[in-house]
Amino acid sequence: MGYGFTIEERTENALSELRKEIPGIEISEYEEMKYHCSFKTGGPVRAFITPKNITEMTDVISILSKNSLIPYFLGNGTNVVFPDEGEKKLTVISTDKLQNICLLSEGLLYADAGVSLSKLAGFAYENSLKGLEFASGIPGTVGGGVIMNAGAYGGELKDVIDSVKLFCLPDQKFCEMSNEQCCFGYRKSIFQSVSGYAVLGAAFRLQKGSREDISAKMRELNGRRREKQPLDLPSAGSAFRRPEGYYAAALIEESGLKGYSIGGACVSGKHAGFIVNNGRATSSDLKDLISYVRNTVYEKKLVRLEPEIILLPENYVPEGTEE
């Protein structure tokens, strides 16, 4: 079903088919995204679907594809802002219940896309595997972490990813990409520029280590986070990518913007690289503040900051969606 039918008509048909073909499927219509994103802002999407496992997830994708619909995949929503008006044409698939994590062989572990990076790091620790200590305080999930090559304190997922498990939407088939095929870079991967893949999980190659040393490293890094980052307020972590040769937080502070606010959105007074919601921010406030910070830093420092946060435009539909 595609040609001659609107997105609204195709979505209605797909939701009806999903309920018929997958009894008990968890679908919420016009779900407010402020309940699913770390900034606590964002209006409703047309449908919010939470598959209970990978099999159900691929069944959902197949039915949506048959109706010429491409979903938006969401983990913990720790680096995305949905508009206040919502996305009335968009279907979101949550990876929240994709929670399988296991050892595949000595030093090799697998985790589904919905597994939090803190849980992943904890599982590695329990099995005396080192290499993921840096991830223990990152609030995102494996799926989102793979897509953006999440990292902190000198570590990045690209350093430990062995392969990524995918579902290819055009072919409706499972596939796998090696670390090299993912084209990882600083806060980027091939999945940001090539559409048509759903990240289902990843395998991580780690080294044997001392649980005592692993625990000590995790405590150290998490202590540094608590000391320097505004963890008590809603945010999306670092708001901007690190510009080559500079630090975003230093540029922002030197531009006199530490503590600057628009509406309920504020440049953190604790760490200028963070933008926080003081409890009453809207998505528009966040977007306006990000724009203001970028413009001001460029005017004063001649450096263009690039947002690390994904700002979805109004009336957004994923690339390849037939309108």
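In which helix is Ala-121 found?

Analyst: This is a predicted model, in which local features need pLDDT of at least 70 and side-chain atom pairs count only at pLDDT 80 or more, whereas totals for chains, interfaces and linings use all residues. Residues are numbered from 1 along each chain as its sequence is written, and side-chain values use heavy atoms, with hydrogens and water left out.

Ala-121 is found in helix 3, residues 117-126. Helices (DSSP runs of H or I, at least four residues) and strands (runs of E, at least two) are numbered from the N terminus. Because its relative accessibility is 2%, Ala-121 counts as buried; buried means under 20% relative accessible area, exposed over 50%, and partly exposed in between, with a 1.4 Å probe and protein chains only. Leaving aside residues up to four places away in sequence, Ala-121 touches Leu-132, Ala-135, Ser-136 and Met-218, where contact means heavy atoms within 4.5 Å. Phe-134 is 13 residues from Ala-121 in sequence, and their C-alpha atoms are 8.2 Å apart.

Strand 7 runs antiparallel to strand 6 (residues 101-105), joined by four bridges; two strands pair if DSSP finds at least two bridges between them. Opposite Leu-109 stands Leu-103. Strand 13 (residues 197-205) is also antiparallel to strand 7, with five bridges, and Ala-203 is the bridge partner of Tyr-110.
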